[in-house]
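Reader: I would like a close look at a single part of this model, and at how its surroundings are arranged. Please take one residue as the starting point.

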Amino acid sequence: MPTLVADKKTKIFAEFGGKETNTGSIEAQIALLTERIAHISKHLQQNKKDFSSNRGLLQLVGERKSLLTYLSKHNLQGYRGLIEKLGLRK
């Protein structure tokens with residue numbers, strides 16, 4: 001799996017983290033994981049028997065879920081805004 005291009009990462013960090021160098025913010029990490037999950041999901045639609053990528057996808061979804069739980073406990077308004085911005089819930 002190719003990693004995300006560096007300029008795309010900096011764009012995500014600038015949009016969700018406040019500035020390009022703020023790579024540690026929870027919102028930026030969740031947005032980056034969401035981008036990776038979308039990329040792997042697209043890959044798995046074409047390669048249904050790629051079980052190792054499927055396992056990696058499940059790990060990323062679990063990591064994103066734990067970060068979202070942390071964010072909801074510590075910053076509920078930020079959590080709601082991020083969910084709406086990323087379109088994770090209906």
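Is Phe-13 buried or exposed, and what is its relative accessible area?

Author: This is a predicted model, in which local features need pLDDT of at least 70, side-chain atom pairs count only at pLDDT 80 or more, and totals for chains, interfaces and linings use all residues. Residues are numbered from 1 along each chain as its sequence is written, and side-chain values use heavy atoms, with hydrogens and water left out.

Phe-13 is buried, at a relative accessible area of 9%; buried means under 20% and exposed over 50%, with partly exposed in between (1.4 Å probe, protein chains only). The residue is found in helix H1, where helices are DSSP runs of H or I with at least four residues, numbered from the N terminus. Neighbours within four places in sequence aside, Phe-13 is in contact with Gly-18, Lys-19, Glu-20, Asn-22, Thr-23, Ala-28 and Leu-32, contact meaning heavy atoms within 4.5 Å. Its C-alpha atom is separated by 8.1 Å from that of Gln-29, 16 residues apart along the chain.

Phe-13 also belongs to the packing of H1 on H2. In H1, Lys-8, Lys-9, Ile-12, Phe-13, Phe-16 and Gly-17 meet Glu-27, Ala-28, Ala-31, Leu-32 and Glu-35 of H2. By class, this contact of H1 with H2 has six nonpolar, one polar and four charged residues; Ala, Val, Leu, Ile, Met, Phe, Trp, Tyr, Cys and Pro count as nonpolar, Asp, Glu, Lys and Arg as charged, and the others, Gly among them, as polar. The two axes come within 8 Å and cross at roughly 140°; axes are lines fitted to C-alpha atoms, for helices over the stretch in contact, and angles run from 0 to 180 degrees between N-to-C directions. H1 and H2 are therefore oblique to each other, the class left after under 35 degrees (roughly parallel), over 145 (roughly antiparallel) and 65 to 115 (roughly perpendicular).

H2 in turn packs against H3 at an angle of about 155°, with the axes 9 Å apart. H2 and H3 are therefore roughly antiparallel to each other. The residues of their contact divide into 13 nonpolar, six polar and four charged.

Helix H1 (6-17), helix H2 (26-46) and helix H3 (51-74) are among what covers the buried residues of H4. In H4 (residues 76-86), those buried residues are Tyr-79, Leu-82 and Ile-83. They cover an arc of only 100° around the axis, which puts them on the same side of H4; the arc is that of the directions from the helix axis to the C-beta atoms. Gln-77, Glu-84 and Lys-85 are exposed on the other side of H4.

How values were computed:
Helices (H or I, at least four residues) and strands (E, at least two) are DSSP runs, numbered from the N terminus.
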